[in-house]
Amino acid sequence: MTIRQMELFVLAYERRNLTRAAEALYMTQSAVTQNLKKMEEELGVQLFERSNRRLQPSPAGERFYQHAKRILDEYEKTLTELASSDEQMSLYYYDILSAAIKDRVVAAFWEIDPFLHINLFDCRFTELLDNSRWTPGALYLIPEEFILDPAVRSVEAAAVRHVIITRENSRLSGKSVIRPEDLEGETLLLRSDRGKQFPHLIAALDQLNERGVHYETAIAERARELAPRILSFGGIAILPEYLKSEVPGIVSRPYDDGIAIHVRLAWKGTLPPRVMKLLRAYQKRTGGQNEI
């Protein structure tokens, strides 16, 4: 059983509603239901007595809530203590950012202070999105558009450009760089989050609307999730560079639209003095040299 599953159970228990718990976790209701079922199978008990209107904890669920809440409180306390240590830094990131950005950020910190101990935590994307649950004093590597809490402070880590994903036999695949005017007459897939377009894609769409480009949105995290649709109907997709992946039958090309996606080093609360000093040195060292 994972910490994430315990958090899921606690939210479902406290909200008494699967839909509300799913929304808080940026998950589908079916995913929440499946995780609760796995927990029940592992524990060998029924945690909830389900009805059409309300999620009612079973007696076993009531007891398990007390244990889960205590474990999560201790977990948060441990993370906070680790993050507040002046001798080390905690960095949370999503694995998609790893190769393109995270490694570069870590290397820059170690160049400044080779003796700094960095605790690295590979998170689910939904955990990074929920700014309200961030560990105080830790750094988070996250695209700027997902910083939703006004209490979050941040500095630039990298400016990332778009790429165009297309079939390998497309007329566009022969170009070394694709420009907005090259997309006239194409059907474009825009990455979205449950139907809501991201700010940088809205800016890209404004450009393309003027050129009469047809588009539709698709919920996807990486190129491989869009590939079947690209191959089936002959369209193309636009994604941040760090979301591209090797997929048979499709290729990626740089997209020169002048729009950058800004990845930030962000935090809530107060950073340890040593980490804050290193962060200022990092900004000075990488200023003007952090475009990908």
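Predicted model: local features only at pLDDT ≥ 70, side-chain atom pairs only at ≥ 80, totals over all residues.

Student: How many helices and strands does the protein have?
Tutor: Both are DSSP runs, numbered from the N terminus: helices are H or I with at least four residues, strands are E with at least two. On that basis the protein has 9 helices and 13 strands.

Student: What share of the protein's residues count as buried?
Tutor: Buried means under 20% relative accessible area, exposed over 50%, and partly exposed in between, with a 1.4 Å probe and protein chains only. The protein has 292 residues, and the buried share is 49%.

Student: At what angle do α1 and α3 pack?
Tutor: Axes are lines fitted to C-alpha atoms, for helices over the stretch in contact, and angles run from 0 to 180 degrees between N-to-C directions. Helix α1 covers residues 3-15 and helix α3 residues 29-43; their axes lie 10 Å apart, at an angle of about 110 degrees. That makes α1 roughly perpendicular to α3 (65 to 115 degrees).

Student: Which residues of α3 meet α1?
Tutor: Contact means heavy atoms within 4.5 Å. From α1 come Q5, M6, L8, F9 and A12; on the α3 side they meet V32, N35, L36, K38 and M39.

Student: Why do the buried residues of α3 line one face of the helix?
Tutor: The buried residues of α3 are V32, N35, L36, M39 and E40. The arc is that of the directions from the helix axis to the C-beta atoms. Seen down the axis of α3, these buried residues line one face because they fall within an arc of 140 degrees.

Student: Which exposed residues sit on the face of α3 turned away from its buried side?
Tutor: α3 is followed by G44, with a positive phi near 75 degrees. Within the helix, the face turned away from the buried side carries the exposed residues K37, K38 and E41.

Student: Which residues of α9 are exposed on the face turned away from its buried side?
Tutor: The buried residues of α9 are V275, M276, L278, L279, Y282 and T286. They fall within an arc of 160 degrees, so they line one face. The face turned away carries P273, K277 and K284.

Student: Is E7 buried or exposed?
Tutor: E7 is found in helix α1. Leaving out residues up to four places away in sequence, E7 touches L72, E76 and R133. Its relative accessibility is 9%, so E7 counts as buried.

Student: What is the phi of R16?
Tutor: R16 lies in the loop between α1 and α2 (18-25). Most residues other than glycine have a negative phi. R16 has a positive phi, near 55 degrees.

Student: How far apart in space are A138 and L91?
Tutor: A138 is in the loop between α6 (125-129) and β5 (139-143). At 0% relative accessibility, A138 counts as buried. A138 and L91 are 47 residues apart in sequence, yet C-alpha to C-alpha they are 6.2 Å apart.

Definitions and conventions:
Residues numbered from 1 in each chain as written. Heavy atoms only, no water. Parallel < 35°, antiparallel > 145°, perpendicular 65-115°, else oblique.
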